[in-house]
Amino acid sequence: MVKCIIFDCDGVLVDTEKIGNGILLEMASEHGFKMEIEDAYRSFNGRNLKDCFRHIEEAIDQKLPENFETEYRQKSFEAFKTQVKPMEGVVEFIEKLKIPYCVASSGPEDKIRLNLEVAGLLDKFENKIFSSYQIKSWKPDPGIFLHAAKEMSFDVKDCVVLEDSKAGVKAGVSGGFKVYGFANGFNNEDLEEEGAVLFHTYEELYALLNF
């Protein structure tokens, strides 16, 4: 019996992955980096930003400029302020829930809050937001999910994790959680390989969780 749901944020609660990846690829292309958006979903989603930059630097065989991260954060913040929407069906799903839930993300807390606020979800997650930056542990390490379960006062076995990235599923599974993977067409194989149970819509997930 599921007693608590731990949501990832980007790509699970809010539709940000396309915006963030688009800006990153556009900026990186100025330094000779080429990648299709579909491959960016596979390579970058759910990962610590510094890992993504390292991936780009290895591919172009040079360091990115020192202000690259600051500029990326500024550009994506501006885009998120106007473009972020809730994932289809998530509002109705949350409103039907009779059990506690929270969000656990690799992103900084101010970014999580901004995205939830623009998507109209912040009031549903007040005091239930957990960021890797709070504990200095990033996916695929399971620390953030273990931290969220502990703060919500539940055992791992009583929680499920909802994820859309390879790194996130890996984190959940290695922490001992049952993980449901939000399949978006780009990530299906990766999520299944890491051990997630796939779902394609929130209606389907509600049925899978057997509420």
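The legends below accompany several close-up views of a predicted model.

Before you zoom in, note that local features need pLDDT of at least 70, side-chain atom pairs count only at pLDDT 80 or more, and totals for chains, interfaces and linings use all residues. Residues are numbered from 1 along each chain as its sequence is written, and side-chain values use heavy atoms, with hydrogens and water left out.

**View A. The open sheet has 6 strands in the order β3-β2-β1-β4-β5-β6.**
The pairing is parallel; strands are DSSP runs of E with at least two residues, helices are runs of H or I with at least four, and both are numbered from the N terminus. Two strands pair if DSSP finds at least two bridges between them. At the edges stand β3 and β6 (197–199), each with a single partner strand, so one side of each is left without a neighbour in the sheet. Direction ignored, neighbouring strands are turned by 25 degrees against each other on average.

Buried means under 20% relative accessible area, exposed over 50% and partly exposed in between, with a 1.4 Å probe and protein chains only. Tyr101, Val103 and Ser105 cover one side, with Cys102 and Ala104 on the other. Strand β1 (residues 4–7) is joined to β2 by 3 bridges, and Ile6 has Cys102 as its bridge partner. Another 3 bridges join β2 to strand β3 (residues 129–131), where Phe130 stands opposite Ala104.

**View C. Strand β1 also pairs with strand β4 (residues 159–163).**
These two strands run parallel and share 4 bridges. Look for Phe7, whose bridge partner in β4 is Leu162.

**View D. Helix α4 (residues 68–83) packs against helix α6 (residues 109–118).**
The angle is about 25 degrees, and the axes are 8 Å apart. Axes are lines fitted to C-alpha atoms, for helices over the stretch in contact, and angles run from 0 to 180 degrees between N-to-C directions. The two helices are therefore roughly parallel, the word for angles under 35 degrees; over 145 is roughly antiparallel, 65 to 115 roughly perpendicular and the rest oblique. From α4, Phe77, Phe80 and Lys81 meet Asp110, Lys111, Leu114, Asn115 and Val118 of α6. Contact means heavy atoms within 4.5 Å. By class, these residues are 4 nonpolar, 1 polar and 3 charged.

**View E. Helix α3 (residues 49–60) meets α4 at an angle of about 120 degrees.**
Their axes are 12 Å apart, and the angle makes α3 oblique to α4. Leu49, Lys50 and Phe53 of α3 make the contact with Phe68, Glu69, Tyr72 and Arg73 of α4. There are 4 nonpolar, no polar and 3 charged residues in this contact.

**View F. Helix α9 (residues 143–151) has several buried residues.**
They are Gly143, Ile144, Phe145, Ala148 and Ala149. Their cover includes β1, β2, β3, α8 (132–135), β4 and α10 (166–174). Just after α9, Ser153 takes a positive phi of about 65 degrees.

**View G. Ile19 lies in helix α1 (residues 17–29).**
At 13% relative accessibility, Ile19 counts as buried. Leaving aside neighbours within four places in sequence, Ile19 is in contact with Ala79, Phe80, Gln83 and Val84.

Definitions and conventions: Nonpolar A, V, L, I, M, F, W, Y, C, P; charged D, E, K, R; others polar.
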